[in-house]
Amino acid sequence: MEVRIRIQRYNPEVDEKPHWEEYTVEVEPTDRVIDALHQIKWFQDGTLAVRRSCLHGICGSDALVINGRNRLACKTLVRDLGKVITVAPLRGFRVIKDLVVDMEPFFRKFRSVMPYLVNDERPPAHERLQSPEERARFDDTTKCILCAACTTACPSFWADSRYVGPAAIVQAHRFIFDSRDQAWRERLQILNENTGVWRCRNVFNCVEACPRDINVNKAIAEVRQALITGSRGLPLEDDEVH
Amino acid sequence: MQKHEYDGIIVGAGGAGLMAALHASRGGRVAVLSKLYPTRSHTGAAQGGISAALGNMEPDKPEWHAFDTVKGSDYLADQDAVELMCSLAPEIIIELEHLGLPFDRTPEGKIAQRRFGGHTNNETGKPVMRACHAADRTGHMILQTLYQQCIKQGVEFFDEFQVMDLLLDEKERRVAGVVAYEIATGELHVFHAQAVLFATGGWGRVWEVTSNATSLTGDGTALVWRRGIPLEDMEFFQFHPTGIYKLGILLTEGMRGEGAVLLNDQGERFMERYAPTVKDLASRDVVSRAIYLEIREGRGIGGKNYVYLDLRPETINKYFEKEGAKWPDGSPRRVTKEYLLEKLGDTIGFCRTYLGIDPLEEPVPVQPTAHYAMGGIPTNVHAEVVVDVQNTVFPGLYAAGECACVSVHGANRLGTNSLLDLVVFGKLGGQRMAQFIRQNDPPPLPPNPTARVEEELERLRNGRGKENPAEIREELRRVMMANVGVFRTRELLEGAREKIRELRERYRRARVMDPGRIFNQDLLEAWEVGNMLDIAEVTTVAALARTESRGAHSREDFPERDDENWLKHSLAYRRDDGAIELDYKPVVITKWQPKARVY
């Protein structure tokens, strides 16, 4: 089938501001959006820039605004979009070129929440034991691929880019609720700052945007509950998340 | 041009690079350069598990793991290296756990393990639960955990820096650094250092249908080759049996580990004929060949070039019941949809997304997909690059992970052993590098260090021809798939060699469309095509020379393994005029004499 693809283009070496360009490509309905972008890049206009690597939704390179929604270009099929497809870079970051944005502010926030296991006790000769229930407590947030689809879909982040954003909270959650971790109180304090979890307004854009189906809102709610109760407590039931 | 001074440079930020960085940075100032953001590296796509004879589920021993690896390699692996890797496996898994890796757990809270192809209890010959896993995103968790620890340790990163050349001090034959291209600006950077470790991964993109990311174009391997370093066992490239039909996206062997079976057009579980004992859990080369043979004999689904992978609980339980399969506690082994979804959520999701098929309800069309390079930059067990049949070390040069050839995988790698290879030899290489940089200062930089890179880029930017590099690349990938795939013959290989020469000629007239400096992927991808051509040519020439069938290298005109003449590693050298010369070095055998390989 033939589809028209409208792409937001910007090359700082020649353009004063971003503009739209339209391309026509012949695709299979089951092709991914990234396949269509490849066709343009390789055989029509080699100046198009777009990050991507694994091509199956695991590496987190190609989160883009596709038909108005944040999603991965390699996990979105053409047949689900119709005959006209619009593709733009993620919102809220400086555009380097075309669909490529400066991710450094995003990774700076990731680094700010101590995204690593802290345990200064001498480890045993074998593995640290952890029950399947303790492991399940943070399973959902281990799936994050740092694609930034959630953070850049969040109105609180658009309103104030100092907000640490949902992705960094997801990363913090992964360690706060890991029974092996000893720095969970410090991490909670980082998220208790005025740039932290209280900025969330429960819009749920993050949940909709996450290509890994992480219940981001629930993770944020659990972090807030831990802040209120001062304990890591039990996981929230789904109807308690709001 | 910017200049940087470091003690050590690590090229690539996947599992091997990050593990090396954690250890090497204890010896001096080390920087990691990657053409991607580190978390985009392809280690993150590994699914099923990482093997170690922990014995958490049932009896197991490192010796069994070592023998399985040697047998899986079709006796081409160096047995001293295999024994070392398998004996270090349990402690390195524990190290990863201590670093925070969220493995799945047993009811007692230990690391959970599952079955995988080619891993057996050596006494019964039956599959053993050896693959430690975090659902079906084990590689993702390894990559994340190592990156997290690098952040904690303050490792320096240069993200989106494409390394394009290795700098050598020709007089002393020592490493002097690398030249890198900053993707965001188009600027060249010289990194002056006394040690460089390559961890740049594989080159599956050289084939048309592949599980590999777009980044896997063999850059590190090709650029050291152009600097005169030989390449080992390049004829051995693994095709994973279960790629999603046409797309090549990997469906983990862990699916078969949890009980899924392969079926032909008649609904027959054909692996029972090819591997009566372990059936669908035979080595990958064996299963991929079986699929090709079924297709050739007209038993592909609807006569087409694919078969089914059946993960439906009713199918799995039918075979479990027939075989009397049991869980470690002695209860009958059965699976439910919920259990499979928990253990294989990502792969089930791939089928739903890309095929619109729910594998819990319908069988999935699969075909072999180009997956893993057994060959690469020759190293010893310390990840030091060795440059001849005497294994002479090239001072300051290291390689680890898929780009390297230790050789622990020989002619065919067992599933889960790549992740183990990454962390074991990444660590050993990092430690060796730490020692080296404490004891040595960098040699002087060569004059005009960026000259070669500038010339290569200039030709692509302002060449006189009109050839589109993408066109050349796609033609290359098609001929490699058709002629240098699962089955090979002299005719096919000669055809490929001719085609590659023609493409190389056209590549001289290649010219990019994008003249800019900022994020010019067009230029970078055109440069990668040069690497792919080099790799493809070495692979084809080495495959043409090896007149036997061993592991992943299957010659229909020489169907038998020939230990008398071919129990040896190939070493390909690049002569100054660009011609390829082959030499051979012996396989290290410690305990296991080659014997017939039956599964």
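How are helix 1 of chain B and helix 4 of chain B oriented to each other? In this predicted model, where local features need pLDDT of at least 70, side-chain atom pairs count only at pLDDT 80 or more and totals for chains, interfaces and linings use all residues, the two helices (DSSP runs of H or I, at least four residues, numbered from the N terminus) pack at an angle of about 30 degrees with their axes 9 Å apart. Residues are numbered from 1 along each chain as its sequence is written, chains are lettered from A and ligands numbered from 1 in the order in which they are written, and side-chain values use heavy atoms, with hydrogens and water left out.

Angles run from 0 to 180 degrees between N-to-C directions of axes fitted to C-alpha atoms over the stretch in contact, and those under 35 degrees count as roughly parallel; helix 1 and helix 4 of chain B are therefore roughly parallel to each other.

| Helix of chain B | Residue range | Residues in contact |
|---|---|---|
| Helix 1 | residues 15-24 | Gly15(B), Leu18(B), Met19(B), Ala21(B), Leu22(B) |
| Helix 4 | residues 138-153 | Leu143(B), Leu146(B), Tyr147(B), Gln149(B), Cys150(B), Gln153(B) |

The residues of this contact divide into eight nonpolar, three polar and no charged, where Ala, Val, Leu, Ile, Met, Phe, Trp, Tyr, Cys and Pro count as nonpolar, Asp, Glu, Lys and Arg as charged, and the others, Gly among them, as polar.

Methods. Parallel < 35°, antiparallel > 145°, perpendicular 65-115°, else oblique. Contact = heavy atoms within 4.5 Å.
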